[in-house]
Amino acid sequence: MPAESADPSEPAVLAAERAHLAESRAALRRMREHAEGLSADVAADWVSKQFLESLLDQRVEALADHPDTPLFFGRMDRGGAAGSDLPAVMYVGRRHVHDGDEGRPLVLDWRAPVSRAFYQAGPADPMGWRLRRRFGFQAGELTAFEDEPLDGGGTRPGTGPSRILTDEIERPRTGPMRDIVATIQPEQDVIVRADLPRSVCVQGAPGTGKTAVGLHRAAYLLFTHRERLSRSGVLIVGPNRAFLAYIAAVLPALGEVRVEQATIDDLLGPPLGDEPADVAALKGDARMAGVLRRALWLHVRKPEEGLVVTRGAARYRLADHEIREIAAALRGTTRYGSGRAAFAQRLAHQILVRMERRGEAPDDRVQDQVARSRPVKQVLDAVWPKVSAEQVLHRLLSDADLLSRAAKGVLDEDEQAALLPARPARSHRSARWTAADRALLDELNDLIERTTSLGHLVVDEAQDLSAMQLRALGRRCATGSATVLGDLAQGTTAWSARTWKEVLAHLGQDGEVTELTLGFRVPGTVLDFAARLLPHVAPGLERPRSLRPGAGALTVRRVDDLAAATVEAARAALARPGSVGLIVPDARAGAHAAALEAAGLEHEVLGPESPGTGRLLVIPATLAKGLEYDHVIVAEPAAIAAAEARGLARLYVVLTRAVTTLAVLHEDDLPAELAEP
Ligand SMILES: Nc1ncnc2c1ncn2[C@@H]1O[C@H](COP(=O)(O)OP(=O)(O)OP(=O)(O)O)[C@@H](O)[C@H]1O
C-alpha cells in the first residue's frame, strides 16, 4: 500500500510494515525449502554432480534468515509520474526475496540497478520516487521508521543527519566491523557503484568510510559481474592480520564468501629479516624496477663457442656470431623464462635449416629433439642460463660489480653502497629476505614469468605501500581494475606516498581520485583536535568535518601518575556500553597491561595477528590503523609522536579511532603541534 509521509509514532504504519516483514520472511523460508528440494541428480557425471551439489548448498546457505539481520532496511514509494515503469512500492534489503507463486518481488537486493534510487534520490533529483522510508530495528524487530519526502514537501534533508543513521553509528560496538548497507551515503554510493573497468581511488579522512566503501564495492561488483569475477577473482589487501580479522565479517554478512583477503606479506611472502628504514625505502623506490631488469638481463651472456650438433655421421654447426644474433633478437622482447625456451627453439630451427640444405626432410619432432639435445642445452646454460628470482637478487645485493653495472646512471654510489649489506648471506637459500626484498623478488619473478592477474583488487591503506609493492599489486590487476583507498595524512612508512597520482602510476592503473571529507566515526570535537596535526602531516588536504558535533566527547588531561590515570579512565569507560581501546606507545604496552592486571581489570593486548575480542584492549600505537573503539584512551601523545620518523602521522591515526569519547592523558608536555591554533 502506498504511504503518505507518516508520523513515526503511528502504530498502524508500524503494524503494516511488520506485516510486510513477516510476509517476506515466510517467502524467504519457502525459497529456501524450494532450494533444499532441488536435486543434483540431473548432472551428467560425478564431477558435475559434486559441483552442482556444492552450488545448491551455497544457495541454501545464502537463503538462511538470520534473525538479527533485518531482511529489508528501506522502502521507496513511487511518484505520480504517469507511464513510469517503476514499481509503486519497493523494499530494499540485503538480498532479493520473491513470492514463489507469482514471482512478485517482496524485497529487492540493494545492489540491483533499481535500488540505486534508495541511496541517490533527493529533492533535487527524486528519480521518479516520492518518498524514502528508513527502518530502525532492535534485535531483529522492526521498531521505528523515518520518512523523507523526495518531492520537496518534507522537512529532511537539511535539518541535520538522519536519526537512524546516527543511531546506527553510535550503536555500541564490540568485535568485528559491521556492514553499512542500510545507510550508505550518496557520495559513498557513487564509489560503490562505479563501473568495473574503472579504477577508483579514494582519499578519505579518518572515519569517512573508505574501508566500508571498499568492502561494499567488492560485494556490488560480485553481484553485478558475478560470472566474470567468479572466474578471475576479487582480492582485498589490508595492512595486517588484525585489520583483516576486524573486517572479515562484513562480506559474509552481505552474502559474499568468495572474496580473498590478504596482507601484502601474505601475497609476497613473509619477511624473514629486518633492515633500516632508509634501506627499505630505497629498495621500495620505483627506480629499483630498472635496476632489477638490467640485473636479470645481464645474465644473458655472449657465446664463447659455436654450436655443433651431431646426427648420425653428420655434424651441423652454428658460429658464435649467429648464436649472438639469435639471442640479441630475442633479448628484451619476451619475459626471461619464455625467452630462454624460444632461444633453444630458434637454435634448433637453425640446425634444421642446415639439415634441409643438405637434402634432409626433418619434421617438428626433430626440432624438439635438437632443442633438448646436450649441445643445445650447453649453449643455453652458457648464454641464457636458468635463474631464479632469489639467485638474481642475492647476486645483486652481494656483488658490487653486478650492482654497479645494473644500477649505472640510476643509483648513485652512496645508494649502491647502502644496498650492499656488510655481511651478505652465503647463498640465496640462507638469505633473510626483508619485506622490501619480497617486493623485489616479486618484480623479478614477473620479469621471468608473467604474474596472473585477478579481476578486481581492493587495496586499503594504500598510502603506506612502497612503489615496488604497488607495482606488485598492479601486476595482480593488470587485466582488471582496482579500488584504491587511503589517506595521505595517515602515511606512517618511510616510503609513504605523497600523491595519489604516483600511487596510481605505480599500480599501472588510470583512475579518478575522489575525496571523502565527511567523518562518520569520530565526533566533531575530537576530529577538530586531531586535525590540528593536519598542516604538519599533509598540508594539502582538506580539513575533515564530522557528521556529529560530539559535545563533551573529548577530554585532555595532564596527570601525575599516568599508569594510575589510565586504569581509572579505563574503569570509567567500562561503566559505559561499548568497546574500550587504550592506545599506548608500543614500548609501554606491557607496562600498561600490567597496571590493568594489578587493578583487576580484564583486558587483552592487541597483537599483529589478532584483533582481540574482549571489551577492553591495550593497543600498541603502531597497530591502531584502521581500527575503532567506542571509547578511546590515549596515553602520552608525545611519546607516540617521538617513537618514529613519521610519529605525528601516527599520532593523527591514534587520535581518530574513537566513536563516542576520547580521553588524552599525559605526564609530559603535549607535542607543540597539538597546541591550540
Ligand atoms: N554510511 C555510513 N553509515 C553508517 N556508518 C558508516 C557509514 N560510513 C561509515 N560508517 C562507519 O564509520 C566508521 C568508519 O568507517 P571506516 O572504518 O570505513 O572509515 P575509514 O575511512 O576507513 O577510516 P580510517 O581511515 O580511519 O581507517 C565505521 O564504523 C563505519 O561503519
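Domain bounds here come from an automatic or database domain assignment. With that in mind, the chain of this predicted model splits into four pieces: domain 1 covers 11–160, domain 2 covers 175–299 + 387–518, domain 3 covers 307–383 and domain 4 covers 524–674.

The shell around the ligand takes at least three residues from each of domain 2 and domain 4. In total, 24 residues surround the ligand, and T183, P206, G209, K210 and T211 are the closest. Sorted by class, the shell has eleven polar, seven nonpolar and six charged residues.

Domain 2 and domain 4 also touch each other. Their C-alpha centres sit 28 Å apart, and 26 residues of domain 2 are in contact with 25 residues of domain 4. On the domain 2 side, helix α8 (residues 241–247) gives the largest share, five residues. That side of domain 2 is made up of twelve nonpolar, ten polar and four charged residues.

Then there is a pair of packed helices to look at. Helix α13 (residues 320–330) and helix α14 (residues 336–357) pack at an angle of about 140°, and their axes are 10 Å apart. The crossing of α13 past α14 is right-handed. From α13, the residues involved are E322, I323, I326, A327 and L330, which meet G339, A342, F343, R346, L347 and Q350 of α14. By class, this contact has seven nonpolar residues, along with two polar and two charged ones.

Terms used
Residues are numbered from 1 along each chain as its sequence is written. This is a predicted model: local features need pLDDT of at least 70, side-chain atom pairs count only at pLDDT 80 or more; totals for chains, interfaces and linings use all residues. Two residues are in contact if their C-beta atoms, placed from the backbone, lie within 7 Å. Helices (H or I, at least four residues) and strands (E, at least two) are DSSP runs, numbered from the N terminus. Ala, Val, Leu, Ile, Met, Phe, Trp, Tyr, Cys and Pro count as nonpolar, Asp, Glu, Lys and Arg as charged, and the others, Gly among them, as polar. Axes are lines fitted to C-alpha atoms, for helices over the stretch in contact, and angles run from 0 to 180 degrees between N-to-C directions. A crossing is left-handed if the near helix is turned anticlockwise from the far one by less than a right angle, and right-handed if clockwise. A residue is near a molecule or strand if its C-beta atom, placed from the backbone, lies within 6 Å of it.
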